[in-house]
Amino acid sequence: MEDMIIAGGGPVGLLLACELKLAGADPLVLEAAGDEERRTRSLGLRSLNARTLQSLALRDLVEPVERAQWEMLDAPDGERQDPAGADVVALMLEILRTGQIRGHFAGLPLLDPAGGAAYVMLKQDRLEDILAGRAAAMGVRIRQGQAVTDVAQDDSSVTATLAGGQVVRGAYLVGCDGGRSVVRKRAGFAFDGTPPTMTGRTAVAELADPSLVASSLRGPGGLVNLSLVPGEIATIEFDGGPEDRDAPVTAAELQESLRRVTGLDVVVERLETGIRYSDNARHVQTYRMGRVLLAGDAAHVHSPIGGQGLNLGLQDAFNLGWRLGLVARGLAPASLLDGYTAERHPVAARVLRNARAQVALMRPGAQVDALREVLGEVIGLPEAWRHFAGMMDGTAIDYAPGAAEPLAGRFVPDLRLAGAAGVAELMRDGHGLLIGLAKPGEGGGAMPGEGGGAMPGEGGGAMPGGGAGGVSGGGAGGLEEVLAGYRDRVRPAWAEGGSGLGGASVLLVRPDGYAAWAGEPGEAAGALATWFGPPARPAA
């Protein structure tokens with residue numbers, strides 16, 4: 001029997017497989033699509049927002065995705081067929097290069113004039129290649145052309161039936177198989193929401209006179225956009241949604257859509273491939289039913305306007321991976337999985353809400369035009385800008401709203417840690433962190449009995465001795481005794497200069513980078529048990 005079955009080998013399924021492997025589980029990924037289908041569904045650019053890039057930094061994956069972005073976008077000018085919008089494209093690339101973009105809300109830009117914002121745009125198949133390479137290097141098994149057609153479970157296992165009749169059993173199964181998820185349907189998850197109101201089309205096409213179409217236009221009949229990817233063009237019409245999403249998109253269909261949207265006699269000379277989409281917005285009530293869980297579009301679908309869908313799914317994978325890995329290894333009770341729905345469902349609900357709002361703000365008409373002008377003025381106010389930017393780039397996520405300690409439930413800041421360049425460098429192996437205060441000059445050494453010796457740049461001694469602001473080195477409340485049974489899950493670290501933990505003396509950071517708990521040394525044992533299961537028994 002498999003440890004874990006993941007139905008779906010897109011970005012969410014591949015990232016989840018990597019996270020499970022880091023947590024000590026052995027996942028099997030079943031992907032229905034072949035290479036050609038993967039390329040087709042990769043039309044359009046996907047954005048990776050600030051929070052997703054902070055999470056990817058914990059796994060040393062930011063540099064590969066940034067490199068893939070510029071390999072794709074730094075195309076020779078001769079490859080672009082958009083002379084009417086060349087200046088706009090150049091401006092967009094410059095904004096992206098200088099780190100000013102924090103996203104947009106219904107096309108209203110959220111720019112940070114100070115620069116330095118984290119934002120990446122790339123095609124989905126490029127991201128899949130990066131994650132598939134990471135998964136393969138970790139020993140994850142990936143089977144392409146293996147479509148799951150049915151799911152059944154009992155008290156001890158889940159059975160997945162494949163298209164060819166083969167049956168695979170696992171302790172748990174996660175559906176990462178997209179908005180039309182077979183896993184969701186066969187397992188009986190309710191999927192309520194609102195029906196589509198628009199039809200989107202994205203295609204690789206050649207226009208007879210590309211100067212007729214600007215890079216971005218809200219026309220009388222909808223929207224048109226020339227992608228930063230040369231040759232890609234997209235339209236959106238507010239017509240109640242597509243009658244048939246699966247029929248091949250033709251050159252004549254795209255041409256008629258362009259004419260309706262722009263009011264111009266656009267001619268499409270050639271169409272290579274195309275897809276349709278809508279703003280159908282639906283959300284499961286729970287992300288887990290017994291031994292079956294959902295992540296990504298299998299759990300929530302919404303309009304692509306605003307570019308939040310991929311980020312939402314990747315954050316699902318980060319949130320679930322460490323939990324499911326601990327449970328699969330028998331280190332934590334199955335109740336740890338309850339926090340997955342509790343934390344991720346409200347985040348997705350907020351995304352669906354703002355996605356619906358963005359669709360409303362993209363409709364043509366004088367009234368909507370006026371509303372966009374007013375909202376544009378509001379977004380220019382500093383506090384409103386921070387609100388919208390945090391909502392769209394994921395940095396406003398708070399898993400413990402109202403917590404007594406301000407860091408609890410929030411993504412851990414990049415603290416200065418003794419002997420390390422930062423938090424991310426200590427989390428590459430998927431372990432949690434227990435961060436204590438260290439007074440200036442008290443670097444903090446290895447934990448007694450740690451096989452790997454001291455952390456880089458640290459002495460080999462015990463944790464710093466007690467005292468005001470320091471971590472007790474022994475006796476009741478000493479953190480080294482508390483961590484003794486968690487060395488396979490949590491590593492120690494020390495905040496340099498005795499600061500950065502808010503009002504707490506100890507901070508417990510989960511493998512996904514969020515602060516699970518902040519408090520005092522005497523409370524650490526309870527926090528570790530809550531978030532990482534009971535301590536391991538010492539070896540005989």
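**Backbone, charges and a pocket**

Colleague: Let's start with A106: buried or exposed?

Modeller: This is a predicted model, where local features need pLDDT of at least 70 and side-chain atom pairs pLDDT 80 or more, while totals for chains, interfaces and linings use all residues. Residues are numbered from 1 along each chain as its sequence is written, and side-chain values use heavy atoms, without hydrogens or water. The relative accessible area of A106 is 0%, and buried means under 20%, exposed over 50%, partly exposed in between (1.4 Å probe, protein chains only). So A106 is buried.

Colleague: And what is the phi of A106 near?

Modeller: A106 sits in the loop between β4 (101-105) and β5 (108-111); strands (E, at least two residues) and helices (H or I, at least four) are DSSP runs numbered from the N terminus. Most residues other than glycine have a negative phi. A106 isn't glycine, yet has a positive value, near 55°.

Colleague: D60 has a positive phi too. What is its relative accessible area?

Modeller: You'll find D60 in the loop between α3 and α4 (62-73), with phi near 60°. D60 counts as partly exposed because its relative accessible area is 43%.

Colleague: Which residue does R141 pair with?

Modeller: R141 has its closest N and O contact at 3.5 Å in a salt bridge with D26. That pair links distant parts of the chain, 115 residues apart: R141 is in strand β7 (141-144), D26 in the loop between α1 (11-22) and β2 (27-31). The partner is D26.

Colleague: Back to D338 and R288: how many residues apart are they?

Modeller: D338 belongs to helix α10 and R288 to strand β18 (288-289). D338 is partly exposed with a relative accessible area of 45%, and R288 is partly exposed at 21%. This is another link between distant parts of the chain, with a separation of 50 residues.

Colleague: What about R510 and D512: buried or exposed?

Modeller: R510 and D512 form a salt bridge, with their closest N and O atoms 2.7 Å apart. Both R510 and D512 are buried.

Colleague: Now the second largest pocket. Which helix gives the most to its lining?

Modeller: A pocket here is an open set of points on a 1 Å grid over the protein atoms alone, reached by a 1.4 Å probe, with protein on both sides within 12 Å along at least five of seven lines; lining residues have an atom within 4 Å of a point. The second largest pocket has 21 lining residues, and V347, R350, M391, G394 and I397 lie nearest its centre. α3 (50-57), α9 (309-328), α10 (338-362) and α12 (382-393) each supply at least two of the lining residues. With six residues, the top contributor is α10.

Definitions and conventions:
Salt bridge = Lys/Arg side-chain N within 4 Å of Asp/Glu carboxyl O.
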